[in-house]
Amino acid sequence: MTETDQSVARKRIKRVQIPDLAALKKNGGRIAMVTVYNYSSALMADAAGVDVALVGDSISMMELGYKTVLPVTLDEMIHHVRAVSRGLQHALLLADMPFGSYQSGPEQAMGAAVRLLKEGGAQSVKLEGGRSVAPTVKRLVESGIPVMGHLGLTPQSVHQLGGHRAQAQDDASAEKLLEDALALQQAGVWGIVLEMIPAELGRRASDALQIPVIGIGAGPFCDGQVQVWHDLLGIVPGKKYRHVKQYACLGEEAVSALRRYTADVHDGNFHTEDDRTQR
Ligand code: KIV
């Protein structure tokens with residue numbers, strides 16, 4: 001598919017649906033996914049033509065100020081998914097199932113996923129884990145709920161992994177990841193996020209699977225990329241990661257603008273001439 005074919009195909013898509021993403025994989029197109037946590041960001045992501053907006057459980061750290069993804073609750077996730085839903089008309093709305101909302105098994109997962117779709121307006125949910133969550137994935141998918149998988153660095157297991165660190169660094173764990181990915185595909189996921197794994201393994205997984213593989217710190221060969229909003233746009237000044245391509249420095253811009261505003265107010269220079277003469 002040429003670049004022009006791809007942009008024409010994308011323009012024809014009104015609301016992105018799961019089959020559109022499957023078609024992109026089939027035709028060699030790439031999928032752009034970004035985390036979105038609120039209404040105004042949803043408007044911006046849509047205006048930019050992003051394909052998938054993920055209300056990630058990284059909201060726990062990025063917007064709620066926690067150290068890990070563990071504390072964010074299902075109610076908090078739904079609150080943000082609803083806000084994002086009100087802002088989106090184009091991108092597919094994908095919601096993370098937060099820690100503790102599916103680990104007890106398929107029935108618990110059903111309850112949480114139904115709430116994310118029904119109350120939040122999500123089109124799909126994402127959950128972490130390999131073979132052990134396959135029965136849960138199957139239950140959701142058989143009920144008509146599209147599910148995305150997440151392997152590699154799975155932040156909900158941060159304490160078991162010993163931190164947010166790169167995964168599948170040796171042959172045995174690389175093979176295990178591939179088997180997990182195949183098991184998830186077999187259980188019915190429409191796509192898989194691979195986080196912080198070697199680029200070669202990202203390539204092998206993308207080649208081996210018929211479903212889209214979206215990478216974050218998983219090299220350039222995946223079927224798409226996902227980035228965290230704050231990292232991509234440089235919201236938190238000074239934070240730099242190897243896997244992040246930063247496209248803007250919005251944090252610094254915002255601080256500078258707020259500094260000028262504060263100085264203007266303090267110095268009595270805030271009002272414009274129009275304001276001063278306004279009756
Ligand atoms: O919550 C999140 O930000 C994610 C991405 C890292 C894929 O799950």
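Let's begin with Leu258, which counts as exposed because its relative accessibility is 54%, and the cut-off for exposed is over 50%. Keep in mind that this is a predicted model. Leu258 sits in helix H12, which covers residues 250-267.

Now a residue from another part of the chain. Is Ala218 buried or exposed? Its relative accessible area is 1%, so Ala218 is buried; buried means under 20%. Ala218 belongs to the loop that links strand S7 (213-216) and strand S8 (224-227). Along the chain, Ala218 and Gly65 are 153 residues apart, and their C-alpha atoms are separated by 26 Å.

Which residues come nearest to the ligand? There are 13 residues around it, and the nearest are Gly56, Asp57, Ser58, Asp96 and Lys126. By type, the shell has five nonpolar, four polar and four charged residues.

For Ser58, a side-chain N or O atom is 2.5 Å from an oxygen atom of the ligand. For Lys126, the corresponding distance to a ligand oxygen is 2.8 Å. For Asp96, a polar side-chain atom lies 3.1 Å from an oxygen atom of the ligand. As for cover, the ligand taken alone exposes 260 Å², and the protein buries 96% of that.

That is the end of my part.

Methods:
Residues numbered from 1 in each chain as written. Predicted model: local features only at pLDDT ≥ 70, side-chain atom pairs only at ≥ 80, totals over all residues. Heavy atoms only, no water. Near = heavy atom within 4 Å. Polar contact = N/O pair within 3.5 Å; in protein donor to acceptor, adjacent residues only side chain to side chain. Areas by Shrake-Rupley, 256 points an atom, 1.4 Å probe, with all protein chains shown as cover. Nonpolar A, V, L, I, M, F, W, Y, C, P; charged D, E, K, R; others polar. Helix = DSSP H or I, 4+ residues; strand = E, 2+ residues; numbered from the N terminus. Buried < 20%, exposed > 50% of the residue type's maximum accessible area, 1.4 Å probe, protein only.
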